[in-house]
Amino acid sequence: MVDKTAEEFKALGEIAGGDIHIGCAESEGIRHLARRIKGLQEQHPGIRVHLYSGDTNDLAGRLEQGLLDFAVIAQEVELGKYNYLELPWADTWGVVMRKDDPLSEKKSIGTGDLLGRPLIVSRQGLRGDLPRLLGEKADRLNVTATINLTYNGTLLVREGMGYLLTFDKLADTGERSELCFRPLAPRLETKLYFIWKKYAVFSPVAEVLLSEMRDHYSTLE
């Protein structure tokens, strides 16, 4: 950790460069972060960004250990531990299935449609979002596999192992794909937040990114 900080300050002494380590949830909303980073790199080409993908528990653990400067999470923020910026994005939950599945004829998927079917679910979704949607029915879900990366889940769906519960726009469901996405009903959304540890001490390059993010997104610290 000391070596990483020393390298960042050395790089910045020669002028605007250095490394920023960010943990990211799987979400199309990450494009908001990408826009801010791209703008900074146009001004300071020496800035390097290292992204790490994972669920909220994984990212929070790395943040606590000092392995990450920031994280983007798809879950309510623990206000006692983190400062945050709310990004202008909410992911929509739904089901990825094969296009030849009879359930694909429905425009949306109700809670009753899920019961008794083999489900592939992210571990974070199984702990938080799905109980919020299904209430007591969540205990009756037939979860046959858990994942932390959507792409791997789509491979299981392609092989006929079940139905993947995930965010919209993460799986390839284009014309040439054998998969399709149908939103859940009632609609279930998860907001996206950019977080950092309270009282964190940042390198100058990380401070530059934080300032850029604050300029564009709402905050409560």
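**View 1. Eight helices and 11 strands make up the secondary structure of the protein chain.** Helices (H or I, at least four residues) and strands (E, at least two) are DSSP runs, numbered from the N terminus. This is a predicted model, where local features need pLDDT of at least 70, side-chain atom pairs count only at pLDDT 80 or more, and totals for chains, interfaces and linings use all residues. Residues are numbered from 1 along each chain as its sequence is written, and side-chain values use heavy atoms, with hydrogens and water left out. Of the chain's 221 residues, 47% count as buried (under 20% relative accessible area; exposed is over 50%, partly exposed in between; 1.4 Å probe, protein chains only).

**View 2. Here's helix H2, residues 30-43.** On its buried list are Ile30, His32, Leu33, Arg36, Ile37 and Leu40. Down the H2 axis these fall within an arc of 160 degrees (directions from the helix axis to the C-beta atoms), so they line one face of the helix. Lys38 and Glu42 are exposed on the face turned away from that buried side.

**View 3. Now for what covers the buried residues of H2.** The cover includes strands E1 (17-24) and E4 (82-98), plus helix H8 (204-216).

**View 4. Phe70 sits in the largest nonpolar core, among the residues with the most contacts inside it.** Such a core is a set of buried Ala, Val, Leu, Ile, Met, Phe, Trp, Tyr and Cys residues joined through side-chain atoms within 4.5 Å. Leaving out residues up to four places away in sequence, Phe70 touches (heavy atoms within 4.5 Å) Ile22, Leu63, Phe194 and Trp196, among others.

Conventions: Expected span 1.5 Å × (residues − 1).
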